[in-house]
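Dear colleague,

Please find below the structure that I am handing over to you, together with its sequence. I would be grateful if you could read the notes that follow alongside it.

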Amino acid sequence: MLAGGAGAALAGAGLTWVLIRVLHHFGVVDAPVARSLHHQPVARGGGLAVLVALGIGMLVGATLGSGYHAMGAAWLLASTVLYGALGFNDDLTSLSARFRFAIQVVLGFLVALVGTILTGWSPVWALFAAGALLVAVNVTNFMDGANGLVSTHTVVTGLWFAILALSADSPTTALFSASLAGAALGFLPFNAVAPKIFLGDVGSYAIGAALTAAALVLAGNGVPLAPLLAPFLVYLLDTAYTLQLRIRAGERWYEPHKLHIYQRLITAGWSHPRVAGTVSTVAAAMCVLTLPMLLGAPVALQVVTAVLILAVAGAYLRLPVWAAAPVPWRKAAP
């Protein structure tokens, strides 16, 4: 597992360095628009390097280790690649929102169907899996708007899932998660500060699918739901809170914007690394706070940690207020 993660990190760094030049050569760049938080064209599609590095890490780990399940590894990788391919198509051709959504639904059912064949999921669980993939892929894409945010969160979540997989005796998922964390870590230096490349939809779609697929496997291996949901909570909170604010303000919630909590913090003057670090710290804190639930601690202790999780969630939602970030739809007093 460690070899896979290290191999993926090295491959991710090298591949990203090469990919920056290739994408610029072919004009695959993200030009700034009104809702952007960057001001210069930046190469997009860096998730390709993460995808390939993930595969290399899996290959290195499987070669140097043992006990891995080939079909399970193939399902995890195939699920990731399918969503990544859709994202890369969008990076190149700017697919319509309706078409993207339709393909995401089809992919969700396809991935769930294959998972059912391999593991014997019930129809209800298969529907849940398809829905979880749809939500996670889009939420990850929504959150990919600050330098290093999704990459840092992927490192944290990948390592957390690797630990959970080891505790559940699932070496294949442990290798997959560690390799994903390594691939994101290799990409991170080129994206976090003065970014030279963005993940693009290929990256956010693939990462959202990869983490969800790993979570589904771990749930099937008996890992409680709370530790699996913990790293996703900050994404879900940010997205849900932003959507309800926009709906209440009478805005078209489905149109692009820069009103997420993390975007408002940047508008208020926070640096991109500070925002990325804050989001990942919140995710890590929520993971740690689920340990009593994972370890079967007394109910009283589990209740206390649940309250603490709610407190962390509330604090995250209040950050724009504490940072004096303006609410864009409120007009300044005359």
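The notes below begin with the protein chain as a whole and then turn to individual residues.

This is a predicted model, in which local features need pLDDT of at least 70 and side-chain atom pairs count only at pLDDT 80 or more, while totals for chains, interfaces and linings use all residues. Residues are numbered from 1 along each chain as its sequence is written, and side-chain values use heavy atoms, with hydrogens and water left out.

Overall fold

The protein chain contains 14 helices and three strands; these are DSSP runs (helices: H or I, at least four residues; strands: E, at least two), numbered from the N terminus. Its radius of gyration is 19 Å, close to the 20 Å that the globule rule gives for 334 residues, so the chain is as compact as a globular protein of that length. That radius is taken over C-alpha atoms, and the globule rule is 2.2 Å times the number of residues to the power 0.38. Along the principal axes, the C-alpha atoms fill a box of roughly 70 × 60 × 35 Å.

Of the 334 residues, 49% count as buried (under 20% relative accessible area; exposed is over 50% and partly exposed in between, with a 1.4 Å probe and protein chains only). Among contacts (heavy atoms within 4.5 Å) with a separation of 6 or more, 74% are between residues 24 or more positions apart.

Surface and charge

The protein chain exposes about 15100 Å², and carbon and sulfur atoms supply 71% of that area; the areas come from the Shrake-Rupley method with a 1.4 Å probe. The mean positions of the 15 positive and 9 negative charges are 11 Å apart. Lys and Arg count as positive and Asp and Glu as negative, with His and the chain ends not counted; each charge is placed at NZ of Lys, CZ of Arg, CG of Asp or CD of Glu.

Individual residues

Ser94, in the loop between α3 (70-93) and α4 (97-119), has a positive phi near 55 degrees although it is a residue other than glycine. Ser94 is exposed, with a relative accessible area of 55%. Ala324, in the segment after α14 (299-322), is not a glycine either and has a positive phi of about 60 degrees. Ala324 counts as exposed at 62% relative accessibility.

Ser151 belongs to helix α6 (residues 149-167) and counts as buried at 1% relative accessibility. Leaving aside residues up to four places away in sequence, Ser151 touches Ala184, Phe187, Leu188, Asn191 and Leu199.

Yours sincerely
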